[in-house]
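Trainee: I am new to this structure and would like a close look at a single part of it. Please give one connected answer.

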Amino acid sequence: MGKAAPSRYLWISVCVLLFVHARSFYLPGVSPQEFKKGEALTVKVNKLTSTKTQLPYTFYSLDYCQPPKIVDSAENLGEVLRGDRIENSPYEFKMREPQMCNILCQKTLNAKTAKDFKEKIDDEYRVNMILDNLPLVVPIERTEPRNSIVYQRGFNVGFKGQYAGTNEHKHFIYNHLSFTVKFHRDKETGATRIVGFEVKPFSVKHAYEGEWSEKTTTLTTCNPHAKRLVTSSESPQEVEDKNEIIFTYDVDFKESDIKWASRWDTYLLMADDQIHWFSVVNSLMIVLFLSGMVAMIMLRTLFRDISKYNQLETQEEAQEETGWKLVHGDVFRPPANSDLLCVYVGTGVQFFGMILVTMIFALLGFLSPSNRGGLMTAMVLLWVFMGLFAGYSSARLYKMFKGTEWKKITLKTAFMFPATIFAVFFVLNALIWGQKSSGAVPFGTMFALVMLWFGISVPLVFVGSYVGFKKATIEDPVRTNKIPRQIPDQPWYMHPAFSILIGGILPFGAVFIELFFILTSIWLHQFYYIFGFLFIVFLILIVTCAEITIVLCYFQLCSEDYRWWWRSYLTSGSAALYLFLYAAFYFFTKLNITKPVSGALYFGYMLIGSYAFFVLTGMIGFYACFWFTRLIYSSVKID
């Protein structure tokens, strides 16, 4: 009974994960939420976000109008890690019942609240809201291409401007929101479903007659009975100490032809798909070039060396083509620091499994942006469960290197990479916590992550290692000599540092265009939902890493240098160096981050991402070279 319990809990976790993701997927027979006329709609507020600081804050960290009681919405692991803090709001909508000049509340600023608003306006913070799981967007008309409309998530807290005839910059707040709720009515059933949630923000210095009373006061600046509505920010509301601010809103309802199942299409509309196709074609050209080189090498080494082995050849040809054969007695000699190589290969397998399964889920539609935090949750849980394959692959390799202490290698595999990432993450989280940002991961979530690591991942690594170590040892195709062969002096272009750095350029070149869109999605808070393109680029990355490593490994063996184990890993893994350099270039050219803490966060997270990319690409290169060397040495006659 005791042994069955852990596996039962694992299956429950998997089922819960699948259920969580299935909710956001429009499955046949699962009906969306329908609203009757006059039915109350729940408007929720989310975090305040800024591309200048990258530090999210809760909506009520500013002195906005509050409901009688603030209620936090239940959030999944991914939402908490992203810094989402979803709460109820004082906005009251009723389905298909337009409202004009609704007074939300009146606030009188003090020195602190005015300073808070000014800081958020300076840092270009945006307010995020949610209605029926749709994020609030601001429609912006563009003349090119073809008078199209683009959508920006959330609206700015305010703006800076000058009064006519003065040079002094003042801060103004958007205190009047003109909401538009788009709905689709089913012609057959008459059911009404929400398909859009838009806003146009205005800054208005509201005026009224007499003393202020929330129930009886009538505004002279916004009065539907006098047909005076807010349509511009001509007399804006300034943010200063002791200033009175009246928050108001309008709600309009518009029928739309967009069906509920397609309501996210406007958010995910991709105007730059030509660039993605260019990215794919660019990457395919690199693959074709490398494939040609690999095919040529295969023909030279296998066809001519094996099929025509007994044919007479010129002395020059024989010398050129058999350079790699001369090191057959040393090519499978275990490398220095073989334990560390086993750990890194196992970790790479864990990453590869996580990314592959995540992409398959995303392609099937389970991880759409409508399921906030779903992608992050899936990646964390899949990383935990892929510990099984990490342990298996590291133990198999360790046994091939004649290792005997499988528990030691298991512990290193289970702790080395996650501990490094967790240490960096903990420091970054402390920086965020010091800024009092909602992006700081709470202690409870941190504890849950540690429990996932120690409670599920580590045991699974042990299970995988146990199974892998019990398997028969992988036999080398040729015998290894007892005395190592002396390696001749290498030409400058075969120096390890040079060939490793050259090897990373092409894998990075295959992905860098798509990388631009991923960085834009993460750091400029845009939706990324082009997993089809991403999956193609991922497959191209795998092929590129494998082929460039095989090509350089062949040249290395022809130079009678048999130390290919680590070099094969580092050759394709060096693409991570270029990724980090590109991230630095992106930081200085595309982002407007000025705060030191925000800069530290950016480079800290990009360091984690580059390290993960190193482990992934290194593993692909290693296994490609491992397969290649075993193939050529098992197929050739050795005297």
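Trainee: Does Ser 457 count as buried or exposed, and at what relative accessibility?

Mentor: Ser 457 counts as buried, because its relative accessibility is 3%; buried means under 20% relative accessible area, exposed means over 50%, and partly exposed lies in between, with a 1.4 Å probe and protein chains only. The model is predicted, so local features need pLDDT of at least 70 and side-chain atom pairs count only at pLDDT 80 or more, while totals for chains, interfaces and linings use all residues. Residues are numbered from 1 along each chain as its sequence is written, and side-chain values use heavy atoms, with hydrogens and water left out.

Ser 457 belongs to helix α10, residues 443-470. Helices here are DSSP runs of H or I with at least four residues, strands are runs of E with at least two, and both are numbered from the N terminus. Leaving aside residues up to four places away in sequence, Ser 457 touches Gln 350, Val 384 and Leu 452, where a contact means heavy atoms within 4.5 Å.

Now the setting of that helix. The chain has 16 helices and 14 strands, and 51% of its 639 residues count as buried. Among contacts in the chain with a separation of 6 or more, 80% join residues 24 or more positions apart. The chain's accessible surface is about 31,700 Å², and carbon and sulfur atoms hold 61% of that; the areas come from the Shrake-Rupley method with a 1.4 Å probe, and for residues only the protein chains shown count as cover.

Phe 469 has Lys 399 over its face, 5.4 Å from the ring centre. A charge sits over a ring if NZ of Lys or CZ of Arg is within 6 Å of the ring centre and within 35 degrees of the ring normal. Likewise, the charged end of Lys 120 sits over the ring of Tyr 57, at 4.3 Å from its centre.

Most residues other than glycine have a negative phi. Cys 101, not a glycine, has a positive phi of about 55°. Cys 101 lies in strand β3, residues 99-108, and counts as buried because its relative accessibility is 9%. Glu 124 also has a positive phi, near 60°. Glu 124 lies in the loop between α3 (111-122) and β4 (126-131) and is partly exposed, with a relative accessible area of 43%.
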